[in-house]
Amino acid sequence: MSEKPLKIVALILAAGESRRLGKPKQLLSYNNTTLLNHVKKQFPADSVEGPFVVLGAFAKEVRLKSALNNTEVIEFDGWKEGMGSSLAYACKQLFSESDYDGILITLGDLPKISQADYREMIALFHSSRDIVATSVNDSFGVPALFGSDYFSELMLISGEKGAKPLLMKYKERITAYDNPKAGFDIDTNSDYSNLNTNE
């Protein structure tokens, strides 16, 4: 008898106001689409549900220009409370709708993460059923995949640091996925220029 496939939901945190950039980073042009749409397309549709996208600042504009449908958007009016609060709110919405075995969390400004990266992380999760987190310079961060044992704590996260406190708390349980590409995000115009220069 074959083993039942794991039910994993994917979540993109993209609710911030891009303060340092001065304009919505979600809508930056990249690979003939928006940065957010590029990130969305990297998730393997045969392995995850979603991805769902958390929006806050610029929600109406991002929803319209990225052609997001209502079923994939989680809009959080309290986005100013920080990334952790956005994550907790989204988790509450998702976990109340369905029984998942895991949640794969990423940010909307990590353009270098590929579908192959996500597939490898999912494969590691199938073995561990615990936490799989990206390792960059000996530090754990997102993308990260949490098993259902951590759902209750994910729904209580607050502040600016997202899932980082939970990764620190349980670092001994983490299966590391080394990926220096996760160290490149888009916070400034210089970052964006470097992204296009290095393609």
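**Exercise 1.** Which residue in β8 does Gly102 stand opposite? Work out how β8 is paired on its two listed partners, β6 and β7.

*Solution.* Keep in mind that we're working with a predicted model.

- Step 1: start with Gly102, which stands opposite Gly147 in β8.
- Step 2: Strand β6 covers residues 102-107 and pairs with β8 in the antiparallel sense, over 4 bridges.
- Step 3: now go to β7, residues 131-136. This strand also runs antiparallel to β8, with 6 bridges.
- Step 4: pick a pair there too: Val136 sits opposite Ser139 in β8.
- Step 5: look at the turn. The β7 and β8 hairpin leaves 2 residues between the strands, and Asn137 takes a positive phi near 50 degrees.

**Exercise 2.** Why can we call strand β8 largely enclosed by the rest of the structure?

*Solution.* Take β8 as residues 139-147 and count the buried ones: 7 of the 9 qualify, so the strand is largely enclosed by the rest of the structure.

**Exercise 3.** Find Asp109 and decide: is its position buried or exposed? Then list what it touches.

*Solution.* 

- Step 1: locate Asp109 in the loop between β6 and α4 (115-128).
- Step 2: check its relative accessible area, which is 6%. Buried means under 20%, so Asp109 counts as buried.
- Step 3: collect the contacts, skipping residues up to four places away in sequence. Asp109 touches Lys25, Leu35, Phe184, Asp185, Ile186 and Asp187.
- Step 4: zoom in on Lys25. Its side chain makes a polar contact with the side chain of Asp109, at 2.9 Å.

Note on methods. Residues numbered from 1 in each chain as written. Predicted model: local features only at pLDDT ≥ 70, side-chain atom pairs only at ≥ 80, totals over all residues. Heavy atoms only, no water. Buried < 20%, exposed > 50% of the residue type's maximum accessible area, 1.4 Å probe, protein only. Pairing = 2+ DSSP bridges. Polar contact = N/O pair within 3.5 Å; in protein donor to acceptor, adjacent residues only side chain to side chain. Contact = heavy atoms within 4.5 Å.
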